[in-house]
Amino acid sequence: MPEATIDRTPLLRVRDLKVSFATRQGVLRAVDGLSFDVGQKEIVGIVGESGSGKSVAIYSMLGLVREKNATITGSVLFEDREILGLSDKELQPIRGGSIGMIFQDPMTALTPVYTVGWQLVEQIRQHLHLTKAAARSRAIELLGQVGIPDPKSRVDRFPHEFSGGMRQRVVIAMALSCNPRLLIADEPTTALDVTTQAQILDLMVTLQDTYDSSIVIITHDMGVIAEMANRVVVMYAGRPVEIAPELELVRHPRHPYTWGLLDAVPRLNVAHERLRTIRGNAVSPLNLPPGCAFAPRCDYVMQKCAERPPLRGENDHVDACWLSDAQKVTIRRTPEHST
Amino acid sequence: MSDDVVLQATDVVKTFSSRGKKLGTRIVSRAVNGVSLEVRRGETLGIVGESGCGKSTLARCLVQLLPVTSGTVAFEGTTLTGLSRRRLRPFRRQFQLVFQDPYASLNPRRTVGDIVSEPMRINHLGSSLQIAERVRELFTTVGLDAGAINRYPHEFSGGQRQRIGIARSLSLNPTLVIADEPVSALDVSIQAQVLNLMADLQQEFNLTYVFIAHDLGVVRHVSNRVGVMYLGEFVEFGDVGSLYETPLHPYTEALLSVVPELNDTDAPRRERIIITGDVPDPADRPSGCPFHPRCPVATEFCRVEKPMLVTISPGRQVACHYPRNLAAVNATTTPA
């Protein structure tokens, strides 16, 4: 992405978002203080492993976390308007209207009992005041735009008659149907093969360009992040541990967890060596340590880590780690760390 | 690694038939369409392909969990295909499977100790005391706490469950382990742990692996040789380094070009080749080359004439009328 086209006036501003669930085993803190901005036309990637709270964070913003035992606090400003805590009725024009969603599994995101055309028309008519006929022609136009061959006849087909990649295109068409300002994609290509993934990522970038929208892409795949994102939020145990522009993050990562995440990826150009791993398993969100959540797995843990590190750093690049900047640079430069 | 062949498959075909739309008709899908391969002792043979290319079906045919429709599979020189279940049994101990889904492949109602010891109990390998001892040993080997044998699968994380699956597969001291997407359900940091464990075990127990995966990075990392499958056939075979550097088949080339990579060096990226369309239905195979409808360099000839898997240079085979990067491959193998 050319950085110059991004307007950094935030379209979405998330501040200290916390989502917790009261369970029989105690309070489960799924998201524990997440703050980030999404600029106009910016693609922000949220990366983290399963259980890091990346999906819950996004769902809670859109009022999709409906569990009775959930507590959501913080602030989410979309186009300068607080959307956290809005009623379903108030959220209606936003969800599917100015914020489009692309879900991970295109089979469950579409209902199997209606044609894709029916589903698109319903979505369009919900948000734009169009006649059935006009909505239908808009649906056909959208299907064509997302690269579905012969949209005129495909519009009357059922989801099961499409392949996985084609289904995800339908979901994208649906997300785009009302010209959203922001597109949220939750693991949009995880269920797809790499050749299809390439098609879909390509399509998303092209469409983002034509529609001038911003994208938040949630993924566990650093490769997808590198391909798509302008800026990256790395999450661990519900907390952001590092936020930086994509190239900066990949080339000069500062948080030990980010190091581990980057080094654990088997590469196409590096042969048969031992992979660096992060020892141990992810922490339980029921039992987060009071200090740094990554401390139990960190190779550089020190006494100070019993206290929770704040996000700090200059300009665009912030991280939550007690190591000094000089220490981080030195550690990353040592031979076993150079990639 | 020696040239001693552990497992040899010759022209294996597996078809599935299902009821057609019209009454009385049958649809025949050729999931595996004439595959020949050999697995050499001590090596890791990687098999990559996208979903639906038949790689899992092939794995099941290799270990006789599915009867082949035609062709033969031989293990250390003995033909397995056509053997009765009883005659097969002594061989089954020698090749074990590690499955993809660590949640579905462990019985939730049995303790993990039970799960790991079951193969030994079935094969009457020692007294219950000896077996219990061996289970504890296996747990330690795969990096689990031996005190956890009385727990149930749900008490373990995905990575730990996969370790349990691996312990079970090792319990009979197999020669060959066929791993079908063993790490695809795991997070990247846990995936790295399991891959390292598998590498250690291979060394320690002199195992031969067939490693099936869709992740090209993972396959590159673990394999000595790699076969690329498309629509039930191998389109390319090669030593891992040369195959990844100079892919011969246009499908392999495209596949490698679209793997998202971290831009952490200034090295120029491969040019992305995005192939259009979807994998064809195995019940309705294209004529000629199976890849021709999506191939960027296909000609009329490809539509008519099916290319055979031919050896281009030592260790490199490809099924394509117009292989790519030929000059580069020839330059590296026949120094001028």
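1. Let's start with Ile178(B), which stands opposite Val210(B) in strand S8(B). Strands here are DSSP runs of E with at least two residues, and helices are runs of H or I with at least four, numbered from the N terminus. Strand S7 (residues 176–180) and strand S8 (residues 208–213) of chain B pair in the parallel sense over five bridges; pairing requires that DSSP finds at least two bridges.

2. A word on the source: this is a predicted model, where local features need pLDDT of at least 70, side-chain atom pairs count only at pLDDT 80 or more, and totals for chains, interfaces and linings use all residues. Residues are numbered from 1 along each chain as its sequence is written, while chains are lettered from A and ligands numbered from 1 in the order written.

3. Now for the whole sheet in chain B: eight strands form an open, mixed arrangement in the order S6-S7-S8-S3-S9-S10-S12-S11. Strands S6 (95–98) and S11 (310–313) of chain B are at the edges with a single partner strand each, so one side of each has no neighbour in the sheet.

4. Ala173(A) touches Leu120(A), Leu142(A), Leu143(A) and Val146(A), leaving aside residues up to four places away in sequence; contact means C-beta atoms, placed from the backbone, within 7 Å.

Note on methods
Contact = placed C-beta atoms within 7 Å.
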